[in-house]
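This report describes a protein model, from its domains down to individual residues. The sequence and structure are shown first, and the description follows.

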Amino acid sequence: MDFEYSEKVLALKARVEAFMSEHIYPNEAAMIAETAEGDRWQAPRLLETLKTRARAAGLWNLWLPASGHGAGLTNLEYAPLCEVMGRSPFAPEAFNCSAPDTGNMEVLERYGTAAQQERWLKPLLDGEIRSAFAMTEPDVASSDATNIATRIRREGDEYVITGRKWWISGAPDPRCRIMIVMGKTDPDDPDRHRQQSMVLVPLPHPGVVIKRSLPVFGFDDAPHGHAEIMFDSVRVPIDNVLLGEGRGFEIAQGRLGPGRIHHCMRLIGLAERALERMCRRAQTRVAFGRAVAEQTVTMERIADSRIMINQARLLTLHAADMMDRHGNKAARAAIAMIKVAAPNMACRVIDWAIQAFGGAGVTEDYGLAQAYATARYLRLADGPDEVHRNQIARLELRRYQGPESLTGGSAAVVPADPGEAIRGAPVWVA
Ligand SMILES: Cc1cc2nc3c(=O)[nH]c(=O)nc-3n(C[C@H](O)[C@H](O)[C@H](O)COP(=O)(O)OP(=O)(O)OC[C@H]3O[C@@H](n4cnc5c(N)ncnc54)[C@H](O)[C@@H]3O)c2cc1C
């Protein structure tokens, strides 16, 4: 793997950074104020203006791999750009690179029919609408997707969806016009990975009732938000199924890679910004006769932050490279590793930054409290740490099942495809 960014990527990175300096950072306070002072559940107008500017600047849909719709970058090439966007909660949307839309667009691009793509993928790519992905349910342990109980029954030319979901990110946003819903079309199928299907539900829909918005440590993430939703006999045409009945698990598996790695890339940017803030603050605050930065405990935390961020970045680049060269499935173990490493790293670094800020760190004035909330929930969303660790451990154990060899490990049982050992693993989303 080559660690140097290409000329093309360096040039794009410089343009993204310049856009951040000129348009994103200076407008953060104004966008927060617009949401706080107006209707929290309307998109800030300023953000829509920034979207127009980013698109005009050619910084749009950069996440899309070679598909003709985006910049045609590989995951490895996109990583440093996504990292820069992760420095601000507003930037990913301004560049039309935000969750859960990127994952949903990828699903529509890969599995949608021409009609589905025309109706929903096109406006998503144009940033005209937003989307949600509904899998998690309050009544079952959803880290095991085979538990999902929402029922999708076929009645004539329609599907009827009944169930309850929660933590559905983006659903409260009035611009959210399409939701991918996972439920069971055949709960009796002996293959428990063939019981599920995914169906497209256009919004607003009379049967889709948003019961409440769920805040994370008090942050409601308006106007994006995370919703608890009732599906009360929601009827959609059978044409709205994705890929076909019984293929829901398969789609969820396909959606995993890109969505997850994007979260990790952004978390590295988030941690970088926290570290920058920690360094600046610690050098200007004087306690007991010297700058907080001169206390060795602070220096150790700064050094450890740098080490941990760089480790997470390299691991993320490695996963991106695996995805590019061997495909998302083969890279599954590498993706699981960064999904554990990046949020834990970010939690640690942001927590140290909060400590260096003193009481100011837990206010909303410096963005650290919200950054911590984001990093912390990403230890749950898209699969809790434990589940990913189990997958990694299972893969490692498999390598050493045969008789001990003099070369160390039993080559015969190492899967040719490193993802093979954990194929069929549970799926999780955010
Ligand atoms: C802010 C936020 C946004 C989210 N966005 C979305 C979204 O847009 N769409 C969506 O569908 N979902 C979303 N989620 C839901 C998220 O994906 C789930 O919370 C996650 O998959 C875990 O499922 P669960 O909450 O049902 O936990 P459970 O399955 O009940 O698990 C609880 C705990 O049990 C432990 N555990 C579970 N399995 C194992 C195991 N095998 N070994 C050891 N320990 C284990 C873990 O500690 C885990 O945290 C979001 C969650 C949050 C917090």
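In this predicted model, 20 residues of domain 1 are in contact with 23 residues of domain 3. On the side of domain 1 that touches domain 3, the elements giving two or more residues are α4 (75-85) and α6. The greatest contribution to that side comes from α4, with 7 residues. By class, the side of domain 1 that touches domain 3 holds 11 nonpolar, 5 polar and 4 charged residues. The protein as a whole is divided into domain 1 (7-112), domain 2 (130-242) and domain 3 (250-422). Taken over C-alpha atoms, the centres of domain 1 and domain 3 are separated by 22 Å.

Helix α6 (residues 101-111) is largely enclosed by the rest of the structure, because 8 of its 11 residues are buried. The buried residues are Asp101, Thr102, Gly103, Asn104, Met105, Glu106, Val107 and Leu108.

Ile268 is found in helix α8 (residues 248-284). Is Ile268 buried or exposed? Ile268 has 28 other C-beta atoms within 10 Å and is therefore buried, the cut-off for a buried residue being 20 or more. Apart from neighbours within four places in sequence, Ile268 is in contact with Glu83, Gly86, Ile309, Ala312, Arg313, Thr316 and Ala342. Ile268 and Pro80 lie 188 residues apart in sequence, yet their C-alpha atoms are 9.5 Å apart in space.

**The ligand shell**

Which domains give residues to the shell around the ligand? Both domain 2 (130-242) and domain 3 (250-422) do, so the ligand shell lies between them. At least two residues of the shell are supplied by each of β1 (130-134), β3 (158-169) and α12 (385-399). Of the 25 residues around the ligand, those that come nearest are Met135, Thr136, Ala141, Ser143 and Glu386. The shell divides into 16 nonpolar, 7 polar and 2 charged residues.

Strand β1 is mostly covered, with 5 of its 5 residues buried. In a regular strand, side chains alternate between the two faces of the sheet. In β1, Arg130, Ala132 and Ala134 point one way, while Ser131 and Phe133 point the other way. Strand β1 pairs with strand β4 (residues 176-184) in the parallel sense over 5 bridges. Within β4, Cys176 is the bridge partner of Arg130.

**Helix α3 and backbone details**

Helix α3 (residues 45-56) has 12 residues and should span 16 Å at 1.5 Å a residue; its end C-alpha atoms are 17 Å apart, which agrees. Gly58, which follows α3, has a positive phi near 75 degrees.

Two residues other than glycine also have positive phi values, and two peptide bonds are cis, as tabulated below.

| Site | Feature | Angle |
|---|---|---|
| Asn61 | positive phi | about 50 degrees |
| Leu243 | positive phi | near 70 degrees |
| Leu203 to Pro204 | cis peptide bond | omega about -5 degrees |
| Ala222 to Pro223 | cis peptide bond | omega near 5 degrees |

Asn61 is found in the loop between α3 and α4. With 22 other C-beta atoms within 10 Å, Asn61 is buried. Leu243 has its place in the loop between β7 and α8, and with 17 other C-beta atoms within 10 Å it is partly exposed.

Methods
Residues numbered from 1 in each chain as written. Predicted model: local features only at pLDDT ≥ 70, side-chain atom pairs only at ≥ 80, totals over all residues. Buried ≥ 20, exposed ≤ 12 C-beta atoms within 10 Å, placed from the backbone. Helix = DSSP H or I, 4+ residues; strand = E, 2+ residues; numbered from the N terminus. Near = placed C-beta within 6 Å. Nonpolar A, V, L, I, M, F, W, Y, C, P; charged D, E, K, R; others polar. Domains from an automatic or database assignment. Pairing = 2+ DSSP bridges. Expected span 1.5 Å × (residues − 1). Contact = placed C-beta atoms within 7 Å.
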